[in-house]
Amino acid sequence: MILEQGSKNNTVTQLQKALNRLGFASGKADGQFGDKTEHAVTAFQESENLYADGIVGPVTFAALQDALHRLNLELYAPDQENNRLPLVRADADPVGEGYNRFNLRADVADAYNHVRKTVVSAGGIITSSGAIRSLTTPVNPSRSATSLHYLGRALDLYIWSGMQNPEKDPFIIVYEGERYFRVYARASKGKHKTLKAATEHHRDSGDKVSAKVIDLTALFEDQGFTRIKARRSFFRGGAYLGAEWWHFQNMNGLFSGVTTYGSELLRLYSEHKLENTPPWAHRDKVYDKGWA
Ligand SMILES: [Zn+2]
């Protein structure tokens, strides 16, 4: 993939976010490669002693990923000699069998903590069914070997904290089409809304529920987390585990068509530890081209 003046796509947005994070101001991350982005790319290339033509090809992409990784190491792992990011503990609010803590990659934990702080200060809670998945967890039809859970980039809200009893659940789940749900968190200081709440039994419709809520999906998106689609089978009456409304994954620093799954695994684990594990077999898969 090559990005240059005039390019307009999602990878440009990721590029702009990365440049901004690295201190090369490229303006608003709007996905349009204009003068500001070109200047930022040129300045970045000069700082890396690359040929400074303002065009982003494989060499500049690789340098960007290295620079982002170095920045993360400075911020989150100042004493580590192995060049890997630590997993750190994040807190959640226990409900039912849900957890009160779980682990995420350090930079992702930081992004998550921003979200939780906003929710808690609005009088809401964040529940958890877990996050990081161990390399030896067996793969099955509901556990993809290329899941962002292996990378410490994904978390699951407690799966029984929504779609059960919308009059009482901490989360109200609304179907938006294309197999996507939006998650609203009940919050005493939130906005009063009337929502069509999907349930385990009314999966793509639902009854009206009035409550004070905040838009949790939007808060996660502000911090680089995206949602995933429910499985097709879920709408045909399949298992509730296919709903996936609880899953959020952080995409900060991933470039579509460029970042490999293996390079992300190596941010956390040594090659030795990865050998013969199910995820490592997929190391050559590329983000947005067969992976995630
Ligand atoms: Zn998940």
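Colleague: Which residue in β5 is the bridge partner of F171?

Modeller: The partner of F171 in β5 is A185. Bear in mind that this is a predicted model, where local features need pLDDT of at least 70, side-chain atom pairs count only at pLDDT 80 or more, and totals for chains, interfaces and linings use all residues. Residues are numbered from 1 along each chain as its sequence is written.

Colleague: In which sense do β4 and β5 pair?

Modeller: Antiparallel, over 6 bridges, with β4 covering residues 171-177 and β5 residues 180-197. Two strands pair if DSSP finds at least two bridges between them. Strands (E, at least two residues) and helices (H or I, at least four) are DSSP runs, numbered from the N terminus.

Colleague: What stands opposite V174 in β5?

Modeller: R182 does.

Colleague: And how many residues lie between β4 and β5?

Modeller: The two strands form a hairpin with 2 residues between them, and E178 in the turn has a positive phi of about 55 degrees.

Colleague: What is the strand order in the sheet?

Modeller: This open sheet of 3 strands runs β4-β5-β6, with antiparallel pairing. β4 and β6 are the edge strands, each pairing on one side only. β5 and β6 (residues 207-215) share 10 bridges, and R186 stands opposite V213 in β6.

Colleague: New topic: what is the average pLDDT?

Modeller: It is 94 for the protein, and 100% of the residues score at least 70. pLDDT is the predictor's confidence in each residue, from 0 to 100.
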